[in-house]
Amino acid sequence: MRVWKFSDNVDTDAIIPGRYLIHNDPCVLARHAFEGTRSEFAGQVREGDVIVAGRNFGCGSSREHAPLALTGAGIRIIIARSFARIFYRNAVNVGILPLVCEQADEILDGAEIAVNINAGFVETDGKRYPIEPVPGFMQSIISAGGLVGYARNLEEIETCTGSQA
Amino acid sequence: MGATVVEKIFSSRCSRPVRAGEVVMAPIDGAMIHDITGPLAIRNFFQMGGTKVFNPRKVIMLFDHQVPADSITAAENQAFMRTFASEQGIHNYDIREGICHQVVMEKGLAAPGEIIVGADSHTCMYGASGAFATGIGSTDMGFVLKFGALYFRVPESIRVDVTGRFSRRVGPKDLILSIAHDIGADGATYQAIEFGGETFESMGMEGRMTCCNMAIEMGAKAGIVPPDRVTYAYLEGRRAVSPGDLSPDPDARYVDRRMYDVTDLAPQVAVPHNVDLAVPVEDVAGIRIDQVFIGSCTNGRFEDLAEAAEVLSDNRFSDTVRVIIIPASRDEYLKALRAGLIERFVTAGALVEAPCCGPCMGGAFGLLGPGEVSLSTSNRNFRGRQGSTEAKVYLCSPATAAASAIYGEITDPREV
């Protein structure tokens, strides 16, 4: 699992430019991931590679095409110091695990990385870095394989008003 | 301990006291989808086993990003959504009305105390109506279409108090760029920004929309102005609502409080490639520009166009600049048309396009080539946002955009 290292404030326009949003197929989107900002990514990324970034990964547009493009590229885990809110939810919803790691800046581009979610750390170059636990209500969505799998099994849900929806 | 505006809205909709930090499954009062994020949302709705949407009257559909369809794929996406609307009994505004956020506001589809979601990050603009409104992704939207509810972590709020009167040719866009500079691109992540103070109380709805619109540029979940007589006057004739009190309690708890005085605020320009990189216009005056875009959900309203026209006066736009002006909606277009603004813009050398998102997203027309520089009244200047990743986008107010378009370089509107 190779690390693709990015800096702070990677926006969703960089992950997938606006002109490709007419496509909805993750594999088609993946061909244009980081086009113009990190053009070697699409050709070289391998299934299971990990994105490591600084603060505010996925800021900007709510386009779910961004995490979809990354799933099409084989990314299953993103580690960052922090995530933009909408991207974080979208990532979980499409089956990407976003992990918060305060020391993500220390992880190097191109490094081999092992992720131990249950033990709460990632390991690279012989060093371990702690990752924050995934919030409880996100766990149930992730274990269902994303929000679609979670929702498919539900006929109705109970809202905070106590009524059935 | 008192409640913030956001806590009051969630408490009201959940019929019990709800505090920041709680996770609630809240009922949804309105759900907006457009031509870019709608197709995925509908596909997710079907994949979740959805057959009928929760309430077709609460689903808002329109097309604004790539209109009229600029490719066969875009046309297919729009046709797919039209079929869905027709099967589900959803009213589809199609390509007729303009930019989604402006249309939601002017049709009265967001009202004080409501919880509205949209599959677009600038949905936070409806906070100007006193609603809690936030942008979501397409899978979350699929869930909303099926169940009419969504999980929320009720956000903490940042209170921003603003006093003073804007000086000539300085306004809400300059204020919000200045606030974004201070709070930073992720300074309000997972939080809401509640605006108040005498400057907001005397600000029209158009300025409140500009400010709430850009809450997302600080990572915020929502921006909101507590509803007051300005809000209710705007809603009159658009939506029947009974005025209630959604003011924050005096002892409400905020994660941060910020005070601004706009008396001496200078026009602001956000430089490439982040929205929080705002500087006073004098710092960048003289930079040559290739394109000026006046429009978008942030600054495409009649008041914005009137502000640009006032600065333009009897001048012509520079022949070295491509000036693209796009009213945010059909209503705003008609207001500008009747006031004679459109004729003045065209006479001065601008291209005036039909209401849509235009160059803002870099997905349709008006794209930038490598090395080109754009000055834009829109909301994002990310690398590649309006075309080539080797182009530069600067953000500013309509007044600064118009002044700069006259001279072909970034220009202080107070000096025109």
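The crossing of helices α6(B) and α8(B) is right-handed, meaning that the near helix is turned clockwise from the far one by less than a right angle. The model is predicted: local features need pLDDT of at least 70 and side-chain atom pairs pLDDT 80 or more, while totals for chains, interfaces and linings use all residues. Residues are numbered from 1 along each chain as its sequence is written, with chains lettered from A and ligands numbered from 1 in the order in which they are written.

**Helix pair in chain B**
- The axes of α6 (residues 172-183) and α8 (residues 205-213) of chain B come within 9 Å and cross at roughly 20°.
- That makes α6(B) roughly parallel to α8(B) (angles under 35 degrees).
- B:Pro172, B:Lys173, B:Leu175 and B:Ile176 of α6(B) meet B:Gly207, B:Thr210 and B:Cys211 of α8(B) (contact: C-beta atoms, placed from the backbone, within 7 Å).
- Four nonpolar, two polar and one charged residue make up this contact.

**Interface between the chains**
- In chain B, 53 residues are in contact with 40 residues of chain A.
- α5(B) gives the largest share of the side of chain B that touches chain A, six residues.
- By class, that side of chain B has 22 nonpolar, 22 polar and nine charged residues.

**Sheet in chain A**
- An open sheet of four strands runs in the order β1-β2-β3-β4 (chain A), with parallel pairing (at least two DSSP bridges between two strands).
- β1 (3-5) and β4 (97-100) of chain A each have a single partner strand, so one side of each is left without a neighbour in the sheet.
- β1(A) pairs with β2 (residues 50-53) of chain A over three bridges, and A:Trp4 stands opposite A:Ile51 in β2(A).

Definitions and conventions:
Two residues are in contact if their C-beta atoms, placed from the backbone, lie within 7 Å. Helices (H or I, at least four residues) and strands (E, at least two) are DSSP runs, numbered from the N terminus. Ala, Val, Leu, Ile, Met, Phe, Trp, Tyr, Cys and Pro count as nonpolar, Asp, Glu, Lys and Arg as charged, and the others, Gly among them, as polar. Axes are lines fitted to C-alpha atoms, for helices over the stretch in contact, and angles run from 0 to 180 degrees between N-to-C directions. Angles under 35 degrees count as roughly parallel, over 145 as roughly antiparallel, 65 to 115 as roughly perpendicular and the rest as oblique.
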